[in-house]
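Good morning, and thank you for coming. I shall speak about aromatic rings and a few of their surroundings; please look at the model first.

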Amino acid sequence: MLQTKSEEYRIKNQFNELLKVCEKGKSKKNIEFVKKAFDFANEAHKPVRRKSGEPYIFHPLGVAQIVACEIGLGTKSIVSALLHDVVEDTDYTIEDINDIFGEKIALIVDGLTKIADVFNASESIQAENFRKMLLTLSDDVRVILIKLADRLHNMRTLNSMAPNKQLKIAGETLFLYAPLAHRLGLYAIKTELENLSFKYRHPEIYAELENKINIDKQRRKNFIDKFTYPIAERLKKENIRYEITGRPKSIYSIWNKMQTKNISFEEIYDLFAVRIVFEPKSDIDKKIHCWGIYSIITDIYMPKPDRIRDWVSTPKANGYEALHSTVMGPYGKWVEVQIRTYRMDEIAERGFAAHWKYKSDNSEEGELDKWIKKISELLENPNDNALEFLDDFKLALFASEIFVFTPKGHLKSLPAKSTVLDFAYEIHSEIGYHSIAAKINHNLVSLNHILKSGDQIEIITSDKQKPQLDWMEFVVTARAKSGIKNALKIHRKESIKNGKNILDDKLKEIKLHVTSNIIRKLLIQFFIKNKDELYYKIGEGKIELDNLKKILKKRTRNKWIKYWQLQYSKGSSKKKAKQEKNENEIIFDKKKPLLISENIENKTFNIAKCCNPIPGDDVIGYQENINSIVLHKTKCPVALKLNSSFGDKIVKVKWTTHKVLSFLSRIKLSGIDRLGIVNNVTNVISKQLDVNMRSINFESHDGIFEGLIDIYIQDTKDLNNLIMNLSKIKGIDAVKRIEITDE
């Protein structure tokens with residue numbers, strides 16, 4: 001379908017807007033290059049329309065605008081963004097891009113072209129695609145930055161997609177792309193990706209929180225004006241060039257805090273932050289100036305001692321620098337204050353793209369370069385399962401950091417909960433291989449000792465030490481895991497070779513040599529599936545061959561037949577089970593929510609034990625097999641991972657209103673202890689509301705009590721009614737539903 005005159009006019013206007021913001025593209029040559037790319041992409045995509053019905057060219061234009069405006073990349077990136085879908089969606093090839101736009105543009109576009117390979121069925125296509133996308137990271141980080149812009153524009157236009165696609169894309173975005181943006185220092189993009197993902201995963205909660213924030217808008221502005229006035233007066237007296245802004249936390253971060261702290265919207269004390277951005281007299285003085293402004297603020301307002309965050313002395317891994325403090329403002333409200341220079345602010349908002357402007361050619365290796373090295377280490381072993389890779393990648397991506405010291409005083413950053421062995425591998429893989437213990441602050445500790453910030457570590461090694469399988473249970477860094485896996489693989493190959501030599505020598509002693517018949521007899525004798533496993537166990541000394549002659553003389557025909565009958569019967573039962581399952585296969589339309597029936601005779605769903613949803617909770621369904629769906633709360637971390645990794649098996653779910661089944665829930669109570677309060681609680685639960693209790697546990701200390709009660713409830717409406725009635729009991733301060741994770 002050709003573009004209409006109205007659409008052509010809109011496309012031209014949007015392209016003109018793009019040209020205005022091409023800060024690095026103002027030379028005639030660069031502008032012509034961008035125009036050439038636009039004309040090419042527009043012509044190539046002309047027959048294609050998006051799900052929304054609008055011409056496809058609006059998408060590459062939107063991505064290019066994000067690349068130029070919000071990330072601040074240059075002409076090559078803008079051109080690549082305009083061309084990023086041409087190879088995948090049209091008849092043009094990478095060779096065509098190379099001939100028309102040059103090798104560099106072709107390399108970036110090639111990195112951005114979506115992977116179309118067929119992968120192992122046991123792995124997630126999304127996970128494998130993500131790994132392949134990251135392979136381009138060390139070649140040109142612009143590929144990842146443009147990919148993030150592509151994802152952001154897709155999220156901004158997600159409303160035209162089917163509900164099941166919205167869930168899949170939103171889950172994948174929250175699971176992988178938002179944290180990736182955070183790691184690359186793209187704070188504004190990370191925040192928007194989180195908010196948009198949250199909007200599609202929890203639309204009702206999003207709308208409720210957005211409404212609460214908007215209602216409070218004028219009152220919040222008045223409060224910020226009152227809070228910042230005395231600070232502004234002092235900064236003027238000091239002749240400091242500054243800007244002060246105040247804004248609420250993002251909707252997603254507010255909700256996330258409500259979940260992790262198990263508190264209500266009204267209980268969040270640092271609902272908004274005040275940012276002070278200033279111009280230091282020189283970059284050398286930035287740290288002194290930050291603390292100077294902190295001193296001015298704390299002269300006016302009392303600080304909260306445990307809420308000082310100094311990222312000026314030690315920047316975050318993504319390059320973020322700022323000084324944060326929480327102080328007691330007017331009306332007894334806590335306020336978070338962020339202090340940063342204009343340079344820090346630009347890097348915080350626009351990430352490493354801005355950082356590059358300030359980085360000289362002879363500067364030390366940057367945090368981005370170090371992080372890319374870590375990702376490269378993760379990608380070194382292509383045989384790893386894609387989902388295992390995702391777990392390792394997420395660890396490297398999101399982990400909080402600790403800072404420790406070598407014996408010579410060199411600073412090393414590691415993920416939180418790293419062990420001595422992780423530190424050893426961080427120094428060098430050979431040191432990791434031969435580690436036996438360590439001295440931390442001159443005290444002897446084991447390899448699995450968890451490190452804390454400020455520790456000074458000296459690794460103790462031995463040439464006789466070799467990596468052990470149980471090391472995998474306590475290391476957390478990708479470098480350590482990869483090093484141990486590689487060492488164990490090498491060791492296994494050596495053991496197999498050694499075992500083969502031992503068997504050859506034993507057979508020579510009885511004047512025989514290896515044959516398939518001898519191998520078959522040994523496999524049956526020791527119940528081993530293949531000869532490599534046999535050689536490995538011989539090499540490890542787990543199989544003794546002293547009585548080899550006697551073993552080979554045994555008749556093994558009956559045992560062999562029995563063994564294969566066992567294998568055959570397993571296969572037959574699987575086939576039979578598969579046939580039975582097909583008869584009960586659930587067929588559903590992924591474009592529509594699946595209505596969950598509580599009919600006991602035809603129950604096709606299971607409740608996930610990780611989050612125990614009940615009717616009324618916002619849930620998704622994961623099709624575990626063809627006749628069973630597992631229900632997870634949409635906020636459940638397991639659900640988020642499944643959503644990202646197995647989007648094709650996810651279905652939107654809605655509860656029906658029948659009250660046939662009861663579901664296990666847990667509530668937590670706290671308040672002032674008094675005689676008879678437990679009796680009051682059980683009376684409300686059992687007698688007034690006719691709810692069955694599974695277990696009840698109350699503890700009292702110094703006049704304050706806490707209680708946990710497991711109850712069988714039919715839906716969230718009944719649960720909320722119960723919580724409301726319990727809250728009315730004299731002495732009870734708080735009643736909350738909490739997750740059951742130990743079932």
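Is Phe40 buried or exposed? Phe40 is buried, with a relative accessible area of 13%; buried means under 20%, exposed over 50% and partly exposed in between, with a 1.4 Å probe and protein chains only. The model is predicted, so local features need pLDDT of at least 70 and side-chain atom pairs pLDDT 80 or more, while totals for chains, interfaces and linings use all residues. Residues are numbered from 1 along each chain as its sequence is written, and side-chain values use heavy atoms, without hydrogens and water.

The structure holds 14 aromatic pairs. Rings of Phe, Tyr and Trp (its six-membered ring) pair if their centres lie within 6.5 Å; planes under 30 degrees apart count as stacked, over 60 as edge-to-face and the rest as tilted. For Phe40 and Tyr92, the centres are 4.6 Å apart and the planes at 55°, so this pair is tilted. Tyr92 is partly exposed, at 35% relative accessible area. Phe40 and Tyr92 also belong to one aromatic cluster with Phe33 and Phe101.

Another pair joins Phe698 and Phe705: with centres 5.6 Å apart and planes at 25°, it is stacked. Phe698 is partly exposed, at 21%, whereas Phe705 is buried, at 2% relative accessibility.

Finally, I turn to charges over rings, where NZ of Lys or CZ of Arg is within 6 Å of the ring centre and within 35 degrees of the ring normal. Arg151 lies over the face of Tyr177, 4.3 Å from the ring centre. Likewise, the charged end of Arg492 sits over the ring of Tyr536, at 4.4 Å from its centre.
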